[in-house]
Each structure stands twice: as C-alpha cells, then as structure tokens.
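Please find my comments on the model below. They are set out as numbered points.

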Amino acid sequence: MAAPKKYPNELRERAVRLYFESDPRPVIRRLAEQLGVHHEALRTWIRQAQADRGQRSDLPTSAEVEELRRLRKENAELRRANESLKAASAFFAQEMDPTKRRY
C-alpha cells in the first residue's frame, strides 16, 4: 500500500497554477515558503505539470506513469499466477507418473 500523500491535491493544483500564472515567474523556494510546502515538493509538482502540458520531453506524463504502474502490478500478478500453475503442473505430473510405484 502506498504511503498517504503529505499535501492535498487542491494545494498541489493551486501551487502549480500560481507558479504558471505569475508574471514574472516566482522563485520556487520563495513560493514554497509562502504556501507552507517543501520547495523540492513544489519543484516536483511543477516539473510534472510541465511534462503533462508537453513542455518537457524528459519526463513521462501522469497518464504514462499511471499506465506503467498498472502494467507493473498486472505483470506481478501474472508472474504469481504463473508460478502457482508451474507448481501445480509439477505436482500433478508427479502424481500421474506411470513409473511411480504405488503401495
């Protein structure tokens, strides 16, 4: 289970909106202090918003991150199911072995 978010989504959205709507752009550290958030958290939110807007090509968008998370979870579930099926197959193959002596 993921850890709970430290900052509410409304605060994140408002902080990013303030950054982009301000002219000139504020210093991230100063804006973070005014909003009561850590400056690296604000920097991360801004970078992610830029990726979502297509302004950054070096980061995946939120949709891509969510899809990757979903696919990794699905992959892990499929691996577990595959391991169970392998174990069951080996068990039944051993039980059906005609050379096995039954007492």
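1. Basis. This is a predicted model, in which local features need pLDDT of at least 70 and side-chain atom pairs count only at pLDDT 80 or more, while totals for chains, interfaces and linings use all residues. Residues are numbered from 1 along each chain as its sequence is written, and side-chain values use heavy atoms, with hydrogens and water left out.

2. Secondary structure. The chain has four helices and zero strands, in the order α-α-α-α along the sequence. Helices (H or I, at least four residues) and strands (E, at least two) are DSSP runs, numbered from the N terminus.

3. Overall dimensions. The chain is more spread out than a compact globule, because its radius of gyration is 25 Å, well over the 13 Å that the globule rule gives for 103 residues. That radius is taken over C-alpha atoms, and the rule is 2.2 Å times the number of residues to the power 0.38. The C-alpha trace spans about 85 × 25 × 20 Å along its principal axes.

4. Of the 103 residues, 18% count as buried (buried is under 20% relative accessible area, exposed over 50%, partly exposed in between; 1.4 Å probe, protein chains only). Of the contacts in the chain with a separation of 6 or more, 35% are between residues 24 or more positions apart; contact means heavy atoms within 4.5 Å.

5. Packing of α2 and α3. Helix α2 (residues 28-35) packs on helix α3 (residues 39-52) at an angle of about 110°, and their axes are 8 Å apart. Axes are lines fitted to C-alpha atoms, for helices over the stretch in contact, and angles run from 0 to 180 degrees between N-to-C directions. The two helices are therefore roughly perpendicular, a label for angles of 65 to 115 degrees.

6. Residues at that contact. From α2, Ile28, Arg29, Leu31 and Ala32 meet His39, Leu42, Arg43 and Ile46 of α3. By class, this contact has five nonpolar, one polar and two charged residues (Ala, Val, Leu, Ile, Met, Phe, Trp, Tyr, Cys and Pro count as nonpolar, Asp, Glu, Lys and Arg as charged, and the others, Gly among them, as polar).

7. Gln50 and Arg56. Gln50, in helix α3, counts as buried at 17% relative accessibility. Leaving aside neighbours within four places in sequence, Gln50 is in contact with Phe20, Gln55 and Arg56. Arg56 is found in the loop between α3 and α4 (62-95) and is partly exposed, with a relative accessible area of 24%.

Terms used
Angles under 35 degrees count as roughly parallel, over 145 as roughly antiparallel, 65 to 115 as roughly perpendicular and the rest as oblique.
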